[in-house]
Amino acid sequence: MAQGRLGIGGMVAACVLPLLGTAAVRPGSPFCDNMVLQRGCPVPVWGAADPGERVTVSFAGQTRVATADEKGRWRVDLAPLEASKVPREMVIGPQTIRNVLVGEVWLAAGQSNMELPLWSEMPRYRDAKGAMVAQMTHLPNVRVGNIPITWKGSPEPRQFARNEFRWMEAEPENMRPIRKFSAIGFWFARELYLALDVPVAVLAVYQGGTKIEQWTGELFNEYLAPVAPYAVRGFLWYQGESNGAKGYCEKMHGLYGTVTNAFEHAGLPMYFVQIPGGFNRALEQARFVREEPHAEMAVVNDVANPHDVHPARKEIVAQRLVLHALARDYGFKGIVHRSPSAVAATANGDAVTVSFADAKELYIYNDDWSMSNRFEVAGANGKYAPAEILNMETVTNKAGVVRAKINGGIARDAKLVLRASGVASPRKVRYLHDGRQLGNIFSEVNLPLQPFEIEARPASDAGSAE
């Protein structure tokens, strides 16, 4: 009979790891009670011991033996495992790790928005409905592992977390403030579990106020080294408030390279969250997606908060990340997972037609039911002016309810025709330049349009290019 239910309900067990000098065999940070191992790929298991000591690792009928090197480091690799909801034990030397499942594991890293808990005592720093959901959630096959850390900088990669590492089951008693149950981590794991019906865990590493470059240098040593190369399916990233637009795309490439190397996973999927509020940074984030074929962005400009860098509606953010995973990594067919993006603009007289990818239809939605939009058009002088949508018909019924029809109801080619007063010859079009505004244009699957700035070609040039 599998063991592994510790304490009240057995939902939380901390890895209180002794110092190297007080125990011969010391498992690496992530190898704790309640952990989830990645299915379908080799599974590295590592740690420390006395130099030259032989270490035996046993799990799921497999036994591997390693010898610690001159620095006391050892590692074995388990053969690929099948998904299992049955709690089992892993034995590492004299230590037994209990309640181990096999399923899907995702690394989740970033700043305070990744850390933002499902529930906390601070009304402005918690999920919008986390307290309500936490009290009625009983999903022992959904788990979050945390390394809460304070950056000090490390000249060498650390094998072990300075603080206690925990794998926590999605149970009410684990979602209290002290547990730091990441809201993004919970919602992502929950949605993926409901879709796949296998155990799902998120390995969360976060530190508020950090810049990307801190994660690729000595931050890497402090943050990611203790959990690398734990076997994971993909990488979730939620950061950006501390970096400006300059060099952002290049820094994202550097981060991606650092993570793929550390986790020994070429082609690792990287799905990250757009940071609204900085137009040029948003363009840099979109450029990174175009340049990195394994990356996707969850656009969230419609649920941002212009008054708070910590928007509370994390469920919808995580769901947009899950769409990428289901479509790209788990073979779900018929899922539209990308937000619409502008791909071309053609000027004809004082009007400009913008074409969009990843959308068959577009619609406008404002909470006040108005038909205002965030498009702007500029002429040769480069000065932008607010634009109106020409191919949108507004209809008001007897009750005063306003509806909008674009291209007679359905814009199958996902095009908008725009015109700005005083701009006789459009040269550029942009959308959502003002970071204080919320996105209000959506595709047929409710995904918000990405911010953009695009050159407008004359219709004659567009025709000749065809």
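In the predicted model, the chain contains nine helices and 27 strands. Of its 466 residues, 53% are buried, and among contacts between residues at least 6 apart in sequence, 72% join residues at least 24 apart.

Eight of the strands form an open sheet of mixed pairing, in which the order is S26-S24-S19-S20-S23-S17-S16-S27. The edges of this sheet are strand S26 (452-455) and strand S27 (457-458), each of which pairs on one side only. Within the sheet, strand S17 (residues 351-357) runs antiparallel to strand S23 (residues 415-420), and the two are joined by five bridges; serine 355 has lysine 415 in S23 as its bridge partner. Strand S16 (residues 341-348) is likewise antiparallel to S17, to which seven bridges join it, and here threonine 346 stands opposite threonine 353 of S17. S16 and S17 form a hairpin with two residues between them, and in the turn glycine 349 has a positive phi of about 70°.

Helix H7 (residues 279-291) lies across strand S24 (428-431) and S26, and the helix runs at about 75° to S26. H7 also takes part in the lining of the second largest pocket, to which it gives the most, with four residues. This pocket holds about 450 Å³ of space. The elements that give two or more residues to its lining are H7, strand S15 (295-298), helix H8 (314-328), S16 and S26. In total the pocket is lined by 22 residues, and those nearest its centre are Ala286, Arg290, Ser341, Ala342 and Gln450. Sorted by class, the lining of the second largest pocket comprises eleven nonpolar, four polar and seven charged residues.

A search of the whole structure finds one cavity of 30 Å³ or more. The largest cavity holds about 90 Å³ of space, and of the 14 residues that line it, Pro276, Gly277, Leu432, Gly435 and Pro451 are the closest to its centre. By class, the lining of the largest cavity consists of six nonpolar, seven polar and one charged residues.

Glutamate 191 lies in helix H3 (residues 183-196). With a relative accessible area of 18%, glutamate 191 falls under the 20% limit and is therefore classed as buried. When its neighbours within four places in sequence are left aside, the residues in contact with glutamate 191 are Glu315, Gln319 and Val322.

Several features of backbone geometry occur in loops. Alanine 228 and proline 229 are joined by a cis peptide bond, for which omega is about 5°, and proline 229 is placed in the loop between helix H5 (218-224) and strand S13 (234-238). Glutamate 264, although not a glycine, has a positive phi of about 55°; this glutamate is found in the loop between helix H6 (248-262) and strand S14 (270-273). A positive phi, of about 65°, is also found at asparagine 446, which is not a glycine. Asparagine 446 belongs to the loop between strand S25 (441-443) and S26.

Key: Residues are numbered from 1 along each chain as its sequence is written. This is a predicted model: local features need pLDDT of at least 70, side-chain atom pairs count only at pLDDT 80 or more; totals for chains, interfaces and linings use all residues. Side-chain values use heavy atoms; hydrogens and water are left out. Buried means under 20% relative accessible area, exposed over 50%, partly exposed in between (1.4 Å probe, protein chains only). Contact means heavy atoms within 4.5 Å. Two strands pair if DSSP finds at least two bridges between them. Axes are lines fitted to C-alpha atoms, for helices over the stretch in contact, and angles run from 0 to 180 degrees between N-to-C directions. On a 1 Å grid over the protein atoms alone, a cavity is a set of points where a 1.4 Å probe fits but cannot get out, and a pocket is an open set with protein on both sides within 12 Å along at least five of seven lines; lining residues have an atom within 4 Å of a point. Grid points are joined across faces, edges and corners, and a volume is the space filled by probe spheres set on the points. Ala, Val, Leu, Ile, Met, Phe, Trp, Tyr, Cys and Pro count as nonpolar, Asp, Glu, Lys and Arg as charged, and the others, Gly among them, as polar.
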